[in-house]
Each structure stands twice: as C-alpha cells, then as structure tokens.
Amino acid sequence: MTASLTLNFAGGSANVALPVAAVQRLDAELQMLMDRLRVVTATVGKKTPQPPVEYRFTETLFFEVFCNPNLWPSLFAARVLITLKTEQVRLSVEVELSQLRTDVQQYLQSV
C-alpha cells in the first residue's frame, strides 16, 4: 500500500507517496537518531562522536533524510536535511526533527 506522507516545514509542505514499509523504516531511523542525540547531549566532558543518520528511499523517487547528531546541542534543537528528487523537481529543505517525527507518526496512525 502506498499512502501520502505530508512533510511540514517552515515554508510550506510537501506530499510524498511512500509505501508503509518505507515510512516504518524511516521511523526506525529517526528513533536511532534520537538515541544518538541523547548520547551526545547526555555526555559530560569529552564526547564520543556519533555517526550520522542517513535514510534513503529510491524506488519511485529519491527521498533522503540526513542528520549529523554531533551538530546539535539538544534533541529539541536538532534539524534534519530532507531531499526529494524526481526528474521534474528537486527540493532540499531543513526540517525540525520533532516536526518530521510528528509527520511520520501521523502517517503511521492513518494507515
């Protein structure tokens, strides 16, 4: 089943047709990112660098989510870079992690 994931960002929104399984994988990657951000922000003194989180879906369009957890002072300040690309359009936008998480949760609850 393919439903439309609505991505909300400061300048508007975009609807992306993705299979449920792809959004479930994205949700798991976002959870991993949140765990890495918690490690970075909870560490006192010398911090252990955490690897970036990168999710890609390339079956019907190019959809990528990227975040380096070492850049953000807290889980609530974190932002991710989203890139959507088709033959006709390319959109790259920075989105708050909390907003993307909300969008993904709403999608999963609706399907």
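Two strands count as paired here if DSSP finds at least two bridges between them. Helices (H or I, at least four residues) and strands (E, at least two) are DSSP runs, numbered from the N terminus. This is a predicted model, with local features needing pLDDT of at least 70 and side-chain atom pairs pLDDT 80 or more, while totals for chains, interfaces and linings use all residues. Residues are numbered from 1 along each chain as its sequence is written, and side-chain values use heavy atoms, with hydrogens and water left out.

**View 1. The open sheet and its β3 edge.** Four strands line up as β3-β4-β5-β6, with antiparallel pairing. At the edges sit β3 (53-57) and β6 (90-96), each pairing on one side only. β3 is joined to β4 (residues 62-67) by five bridges. Look for Arg 56, whose bridge partner in β4 is Glu 64.

**View 2. Two helices against the strands.** Helix α1 (residues 20-42) packs on the sheet and touches β3, β4 and β5 (79-85); contact means heavy atoms within 4.5 Å. The direction of α1 makes about 175° with that of β3. Angles run from 0 to 180 degrees between N-to-C directions, using axes fitted to C-alpha atoms, for helices over the stretch in contact. Helix α2 (residues 97-110) lies across β4, β5 and β6, at about 105° to β6.

**View 3. Around Leu 100 in the core.** A nonpolar core is a set of buried (under 20% relative accessible area, 1.4 Å probe, protein chains only) Ala, Val, Leu, Ile, Met, Phe, Trp, Tyr and Cys residues joined through side-chain atoms within 4.5 Å. The largest one has 34 residues, and Phe 63, Val 80, Ile 82, Leu 97 and Leu 100 touch the most other members. Beyond its neighbours within four places in sequence, Leu 100 contacts Leu 7, Leu 30, Val 65, Val 80, Ile 82 and Val 95.

Key
Buried means under 20% relative accessible area, exposed over 50%, partly exposed in between (1.4 Å probe, protein chains only).
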